[in-house]
Amino acid sequence: MPQVKIQGVDIEYRVLKTRRNRYIRLTVSGKNGVRISAPWGYPERELHAMVREKGAWILDRLQYFRSLEEQQPRWRYTDGELLLVQGEWTPLRITPWEFNAGRLRLETGVLEIRLPQSRLNDPSIVHDLFLRWLRRWALQELSHRINSHADAMRLRPGRITIRAQRSKWGSCSQNGNISLNMRLMLVPPAVADYVMIHELAHLRQLNHSQRFWGIVDRYCPDRKTHQRWLREHSWLLEMD
Ligand SMILES: [Zn+2]
């Protein structure tokens, strides 16, 4: 991989050239590091210069991702771990109680889990509780919110389904049914709203044409910030 020295640090970057690329795009993410995509045949020398020029920003982003990793967002489901909930790092507190079943509550910024003493050190039960709770919450909250966006946009979606997709945040089918990922409850609310507005806009345009983005922008002027949030943080939300 090509390298560049920025403020005394060797930074590797990956170049991706395809015939389909029309623009140059530089991205930094926790998962893929520094990537630059460019049109076919674009001179390496200029890409190198561009990486160097953006050096301070790149270092800053890399540092940010390193600090995220230190917060160990690894979905281990153990006491004291920080989980991302609605975009906030939320501590998980696991305490015993006398009942046989487990319970999960989100209260004043803490995910509180009560478990019978015998299951206290069993991450799999915490995992199950968390996913069940997330699905229920998503079903309630996202259905409600997407309907109010639909009203504002004067659109009528078909069926709304909540799924546990691995890589997709949402989708819209040809007959107007929309599915939303329950992990949208983990991202900042404004980012989740962007995804819902995006899928709703597909009811008008089932493509990503300029006209489509025009509709999205009308209802979500900050969509570029939200898209970037998703690009940069999706890897943190890859949980089993
Ligand atoms: Zn789309």
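Helices (H or I, at least four residues) and strands (E, at least two) are DSSP runs, numbered from the N terminus. With that settled, let's start the tour.

**The whole chain**

What you have open is a predicted model, where local features need pLDDT of at least 70, side-chain atom pairs count only at pLDDT 80 or more, and totals for chains, interfaces and linings use all residues. Residues are numbered from 1 along each chain as its sequence is written.

Select the protein chain: its secondary structure comes to six helices and eleven strands. Its C-alpha trace spans about 65 × 50 × 25 Å along the principal axes. Buried residues make up 24% of the 240 residues; a residue is buried if 20 or more other C-beta atoms lie within 10 Å of its own, exposed if 12 or fewer, and partly exposed in between, with C-beta atoms placed from the backbone.

Now colour by pLDDT, the predictor's confidence in each residue, from 0 to 100. The chain's mean is 91, and 98% of its residues reach 70 or more. Where is confidence lowest, and where is it highest? It is lowest in helix α2 (residues 55–70), at a mean of 84, and highest in helix α4 (residues 189–201), at 98. Keep in mind that where pLDDT is low, the predicted coordinates should not be read in detail.

**Stop one: α4 and α3**

Axes are lines fitted to C-alpha atoms, for helices over the stretch in contact, and angles run from 0 to 180 degrees between N-to-C directions. α3 passes α4 in a right-handed crossing (left-handed if the near helix is turned anticlockwise from the far one by less than a right angle, right-handed if clockwise).

Show side chains here: Arg 145, Ile 146, His 149, Ala 150 and Met 153 in α3 meet Asp 193, Met 196, Ile 197 and Leu 200 in α4. Two residues are in contact if their C-beta atoms, placed from the backbone, lie within 7 Å. By class, this contact divides into six nonpolar, one polar and two charged residues. Ala, Val, Leu, Ile, Met, Phe, Trp, Tyr, Cys and Pro count as nonpolar, Asp, Glu, Lys and Arg as charged, and the others, Gly among them, as polar.

**Stop two: α4 and α5**

From α4, Ile 197, His 198 and Ala 201 make the contact, and from α5, Phe 212, Ile 215, Val 216 and Tyr 219. This contact has six nonpolar, one polar and no charged residues.

**Stop three: α4 and α6**

Next, pick helix α6 (residues 223–233). It packs with α4 at an angle of about 105 degrees, the axes being 9 Å apart. That makes α4 roughly perpendicular to α6. On the α4 side look for Ala 190, Val 191 and Tyr 194; on the α6 side, Arg 223, His 226, Trp 229 and Leu 230.

**Stop four: two loops**

Go to Gln 86, in the loop between β5 (82–85) and β6 (88–97). It has a positive phi of about 50 degrees although it is not a glycine. Gln 86 counts as partly exposed, with 17 C-beta neighbours inside 10 Å.

Then select Arg 154, in the loop between α3 and β9. Its phi is near 55 degrees, a positive value in a residue other than glycine. Is Arg 154 buried or exposed? With 6 C-beta neighbours inside 10 Å, Arg 154 counts as exposed.

**Last stop: strand β9**

Finish with Thr 161 in strand β9 (residues 160–163). It is partly exposed, with 13 other C-beta atoms within 10 Å. Leaving aside neighbours within four places in sequence, Thr 161 is in contact with Asn 177 and Ser 179. Draw a distance to Arg 145, 16 residues apart along the chain, and the C-alpha atoms are separated by 13 Å.

Also in strand β9 is Arg 163, partly exposed with 15 other C-beta atoms within 10 Å. Not counting residues up to four places away in sequence, Arg 163 touches Ser 179, Asn 181 and Met 182.

Definitions and conventions
Parallel < 35°, antiparallel > 145°, perpendicular 65-115°, else oblique.
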